[in-house]
Amino acid sequence: MMSFSKIIKTILSYIWDTSDKSSDYDLLVDINSTRFVVLDTETTGFDYENDRILCIGAIVLQNNRISIQDSFEIYIEQEHYNKATAQIHGILKDFVLDRPKELEALQQFLAFLGDSIIIAHHAKFDVTMINKALERNGLPELKNKSLDTAILYKKTLITSYLLERKEHYTLDDLADKFDISKKDRHTAMGDAYITAIAFLKILKKLREKEEVTWKQLFK
């Protein structure tokens with residue numbers, strides 16, 4: 001059975017193009033130095049151009065452990081308000097009085113993120129929303145590699161005509177599957193924590209699914 005370190009090294013070998021021995025991969029071969037940042041964003045909606053990030057929550061996962069003390073949470077000054085989505089995430093205009101502007105919040109987040117690998121559920125949405133915010137503020141887009149727990153989870157499932165598979169699996173689906181508390185669901189930090197636990201559970205299942213090659217997993 002593969003060790004956790006070997007699994008991560010194999011994952012990285014397919015995330016990075018190692019045919020030219022890229023320096024990024026060389027730096028991250030040692031699992032002890034690999035730092036994952038599991039993140040989630042709460043937003044005014046799902047429109048990349050017109051909606052805005054209200055909160056970013058992130059937590060470090062390193063050495064197969066979730067580092068509670070190494071976390072990041074920031075609420076951003078609101079220019080937009082959407083009553084419909086506010087009923088989901090509960091972030092009202094006056095929820096937090098002392099909130100930084102978008103640029104300052106992004107700068108703080110980038111300092112926390114560094115060159116870590118991003119983990120998120122439906123990562124494309126969170127990364128794109130952050131990149132749009134960076135673009136608005138004249139900052140370059142993220143260069144960090146990312147892993148999506150929604151995609152990885154589907155790789156753990158048995159392929160059988162007897163079993164119905166969904167096209168999309170929500171974070172609630174993963175929380176129910178892995179018996180993870182949803183106490184702080186729909187908060188950025190709460191969802192980041194649920195995602196971090198789900199990621200570790202997924203890796204455990206992948207470790208047991210030896211018949212699936214890693215090359216197939218990351219196509």
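Which side chains meet in a salt bridge at 3.0 Å, N to O? Keep that in mind as we walk through this predicted model, where local features need pLDDT of at least 70, side-chain atom pairs count only at pLDDT 80 or more, and totals for chains, interfaces and linings use all residues. Residues are numbered from 1 along each chain as its sequence is written, and side-chain values use heavy atoms, with hydrogens and water left out.

**Stop 1: the sheet.** Select the 5 strands, which form an open, mixed sheet in the order β3-β2-β1-β4-β5. Strands are DSSP runs of E, at least two residues, and helices are runs of H or I, at least four, numbered from the N terminus. Two strands pair if DSSP finds at least two bridges between them. At the edges sit β3 (65-75) and β5 (146-148), each pairing on one side only. Now pick Ala120, which stands opposite Asp148 in β5.

**Stop 2: helix α8.** Select residues 188-208 to see helix α8 lying across β1, β2, β3, β4 and β5.

Here is our opening answer: Lys204 and Glu208 meet in that salt bridge (a side-chain nitrogen of Lys or Arg within 4 Å of a carboxyl oxygen of Asp or Glu). Both lie in helix α8, 4 residues apart, about one turn of the helix. Lys204 is partly exposed at 43% relative accessible area, and Glu208 is partly exposed at 45%. Buried means under 20%, exposed over 50%, and partly exposed in between (1.4 Å probe, protein chains only).

**Stop 3: a buried pair.** Select Arg185 and Asp191, whose side chains form a salt bridge at 2.8 Å, N to O. Both residues are buried.

Technical notes
Contact means heavy atoms within 4.5 Å. Axes are lines fitted to C-alpha atoms, for helices over the stretch in contact, and angles run from 0 to 180 degrees between N-to-C directions.
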